[in-house]
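Here is a brief report on one protein model. Keep the sequence and the 3D view open while you read.

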Amino acid sequence: MSIIIRPAVKEDCTRLMELVHELAEFEKAPQEVTVDAEHFVESGFGDNPVWWAFVAETSLEGNGGSEIVAFALYYIRYSTWKGQRMYLEDIIVTSEWRGRGIGQMLFDRLLEEARVKKFTGVMWQVLDWNESAIQFYKKYNAHFDAGWINCNVNF
């Protein structure tokens with residue numbers, strides 16, 4: 001079995017939403033996922049997409065089947081100080097496929113994409129209790145901001 005990293009396509013959205021719900025369960029916040037499938041698809045594949053993603057797909061040798069086991073979704077954030085930056089919204093590896101290097105494959109592909117598109121960097125958030133994710137990002141010499149407080153207004 002091999003893993004292929006490729007850009008997400010519209011037909012992947014049903015599976016991506018399944019993984020979003022799995023992540024919400026993992027983060028103990030399933031009620032927080034309020035986006036509907038139509039809005040999700042339109043936001044990524046409509047006339048004015050605002051997000052892009054890479055998927056990790058298994059290639060089951062012998063029977064020609066495949067399955068998306070992970071994805072990384074990003075958008076472009078603009079900083080008045082730094083310019084265009086990639087914002088990694090989520091990197092999700094389904095539970096049974098964690099620990100096999102798939103997250104690293106996706107993250108490396110994101111870094112490559114950011115360089116090709118000449119973004120000035122990559123940004124993301126990580127929950128303070130997600131020690132395995134924190135240790136993963138430390139391998140990339142990530143800088144962890146302690147001085148910023150997340151804010152939002154919901155409608």
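The sections below cover the sheet, its helices, the salt bridges and a surface patch.

## Sheet and helices

This is a predicted model. Five strands form an open sheet in the order β1-β2-β3-β4-β5, with mixed pairing. Strands β1 (2–7) and β5 sit at the edges, each pairing on one side only. β1 runs antiparallel to β2 (residues 52–59), and six bridges join them.

Helix α3 (residues 102–116) lies across β1, β2, β3, β4 and β5, at about 165° to β4.

## Salt bridges

The model has seven salt bridges. R15 counts as buried at 18% relative accessibility, while E18 is partly exposed at 43%.

E22 pairs with R98, at 3.8 Å between the closest N and O atoms. E22 lies in α1 and R98 in the loop between β4 and α3, so this pair ties together parts 76 residues apart in sequence.

In α3, R109 and E113 are four residues apart. Their side chains meet in a salt bridge (3.2 Å, N to O). R109 is partly exposed at 23%; E113 is buried at 11%. Elsewhere, salt bridges with shared partners join R6, D12 and E57 into one network.

## Nonpolar patch

F26, L127 and W129 make a nonpolar surface patch of about 260 Å². L127 lies in the loop between β5 (122–123) and α4 (131–138). L127 is partly exposed, with a relative accessible area of 35%.

Definitions and conventions. Residues are numbered from 1 along each chain as its sequence is written. This is a predicted model: local features need pLDDT of at least 70, side-chain atom pairs count only at pLDDT 80 or more; totals for chains, interfaces and linings use all residues. Side-chain values use heavy atoms; hydrogens and water are left out. Patches are made of residues with over 30% relative accessible area and no salt bridge: like charges are joined within 9 Å, nonpolar side chains (Val, Leu, Ile, Met, Phe, Trp, Tyr) within 5 Å. Accessible areas come from the Shrake-Rupley method with a 1.4 Å probe; for residues, only the protein chains shown count as cover. A salt bridge is a side-chain nitrogen of Lys or Arg within 4 Å of a carboxyl oxygen of Asp or Glu. Helices (H or I, at least four residues) and strands (E, at least two) are DSSP runs, numbered from the N terminus. Buried means under 20% relative accessible area, exposed over 50%, partly exposed in between (1.4 Å probe, protein chains only). Two strands pair if DSSP finds at least two bridges between them. Contact means heavy atoms within 4.5 Å. Axes are lines fitted to C-alpha atoms, for helices over the stretch in contact, and angles run from 0 to 180 degrees between N-to-C directions.
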